[in-house]
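We will go from stop to stop, with something to pick at each one.

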Amino acid sequence: MAQRLIVIGGDAAGMSAASQARRRRDRADLEIVVFERGHFTSYSACGIPYWISGLVSGPEALIARDPETFRTTYAMDVRMRHEVTAIDLDRREVVARDLEGGGEVRERFDDLVYATGAVPMKPPWADTDAGGVFGMQTLDDGAALRDWLDAEPQPRRAVVVGGGYIGVEMAEALIQRGLSVTLVEAGSQPMATVDGDMAELVAEAMRGLGVTIRTDLPVTGLEQRDGRVSAVVTAEGPIPADVVVLGLGVRPNTALAKAAGFPIGPSGGIRVDRRMRVAGLSGVWAAGDCVETLHRVSGMPVHVPLGTHANKQGRAAGINIGGGYATFAGVIGTAVTKVCDLEVGRTGLREEEATLAGFDFVSVIAESTNRAGYYPGARPMTVKLIAERPSGRLLGAQIVGWSEAAKRIDTLAVALWNGMTVDDMTSLDLGYAPPYAPVWDPVLVAARKAVDALAAPDR
Ligand SMILES: Cc1cc2nc3c(=O)[nH]c(=O)nc-3n(C[C@H](O)[C@H](O)[C@H](O)COP(=O)(O)OP(=O)(O)OC[C@H]3O[C@@H](n4cnc5c(N)ncnc54)[C@H](O)[C@@H]3O)c2cc1C
């Protein structure tokens, strides 16, 4: 008799796991049932800001594989609009509710993949029946915002609450659609994924685009008129808004897992081992935004909800379920984004994170350009490096600059992943030609500066 794999969640992690398992075990050997409560499978939430701005079309273009493809090509039983409401580990069953047809089903499993993603943070003040307030998590959220922006009366004033990368990308999208945009952040800077000095460069570029940035200003409420949002409330008074986008971060979606007795780690994500097995539970796997993972530099468990990890973790789970061997090696915190033409990249630890992890370190900032200074289109590029003292091991890096900045972080990510010192890095054989870099690449300039800082007398 075929074994049975049940997957909860039909996006990056869940469908990567299901696809990899199918590649290794055919239908006669492994029956695969996927429950997805939404309308789409294998979609790119990452593309939503560019769909909102009009740069890419959607939602179809943001879907890598639809349910029918999984059914016909991958021989999977994909049940859309089915929400799993309980997991019974003793009976090895899940209970799912049909959100459209009504009714409930119970399905048995031999293996279970829990891939439910993350839940957007929603403070009590955001619970409103006023129109015009949007979270930004799913393609349905994207579609609802687009409908609101296109409908009459057309919104003119947007407030984005939260200055993380999703808030920053949404602010850019709304500016590009011609709205006046205010970004409100409770902390001291937008883009808290980089240090304050680097974040200031991002804030400056956003102001240059016309985004008003209000920091140290928690939102405490919403005002509405005729059923539509009309302002966000702050200690410094209301900020008028015809549309409000929430980008307040996410937490692991673990409600069902907790109820079923899955172990939860200190970061709030499900505890898994390197092969993505849920710690202590046989035949139960978890992957993606719902799990915690190891930070390879700090050695701490962390929750880093990114598509790049969800795909790799799901793939590892699926290979293992299929009878192969695969591990997820942890993360080093690499991420990139942009604000119009300004690119931002980071890897490893920020200063605050390095301090929290107990490192002694130096940090340097090197100003350079993306191309030879005389070559058309040369623009500034700022590279920040954080290196352990006295070993010189790279602990973290951040880059802010115009074209060719963001993906340069990958050079630094590879150096960091492999434990290189900044001294080693000064000798790296990086490509040079005037259209692509100055003769001393910005990465090398920064590494040399870090070597000098390490050689300076102790503070
Ligand atoms: C606007 C935006 C931009 C982003 N940009 C980037 C980027 O540039 N780079 C990057 O690396 N990452 C980015 N991300 C993050 C990335 O999209 C996520 O990390 C990734 O989608 C996580 O995949 P996942 O499969 O773990 O979870 P999800 O994609 O959230 O999928 C989980 C699925 O489970 C379903 N589900 C949940 N509970 C149940 C249940 N009980 N029963 C049935 N189904 C259920 C949900 O409907 C959902 O479809 C972005 C995210 C957003 C929202």
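The tour starts at the ligand and then visits a loop, a helix and a strand.

Before you select anything, note that this is a predicted model, where local features need pLDDT of at least 70, side-chain atom pairs count only at pLDDT 80 or more, and totals for chains, interfaces and linings use all residues. Residues are numbered from 1 along each chain as its sequence is written, and side-chain values use heavy atoms, with hydrogens and water left out.

**Stop 1: the ligand**

A backbone N or O atom of Arg37 sits 3.2 Å from a ligand nitrogen, and a polar backbone atom of Val84 is 2.9 Å from a nitrogen atom of the ligand. At Leu306, a polar backbone atom lies 3.4 Å from a ligand oxygen. The ligand taken alone exposes 1000 Å², of which the protein buries 90% (Shrake-Rupley areas with a 1.4 Å probe).

**Stop 2: Ala75**

Next, pick Ala75, in the loop between helix 3 (67–72) and strand 3 (77–80) (helices are DSSP runs of H or I with at least four residues, strands are E runs of at least two, numbered from the N terminus). Is Ala75 buried or exposed? Ala75 counts as buried because its relative accessibility is 17%, the cut-off being under 20% with a 1.4 Å probe and protein chains only. Leaving out residues up to four places away in sequence, Ala75 touches Arg22, Arg27 and Phe70 (contact means heavy atoms within 4.5 Å).

**Stop 3: helix 4**

Select residues 139–150, which form helix 4. Its buried residues include Leu145, Trp148 and Leu149. To see what covers the buried residues of helix 4, show helix 2 (48–53) and helix 5, among others.

**Stop 4: Thr337**

Finish in strand 21 (residues 335–339), where Thr337 lies. Thr337 is buried, at 8% relative accessible area. Show its side chain to find a polar contact of 2.5 Å with the side chain of Glu169 (N or O atoms within 3.5 Å; within protein, one able to donate a hydrogen and the other to accept it, and residues adjacent in sequence count only if both atoms are side-chain atoms).

Methods
Buried means under 20% relative accessible area, exposed over 50%, partly exposed in between (1.4 Å probe, protein chains only). The expected span of a helix is 1.5 Å times one less than its number of residues.
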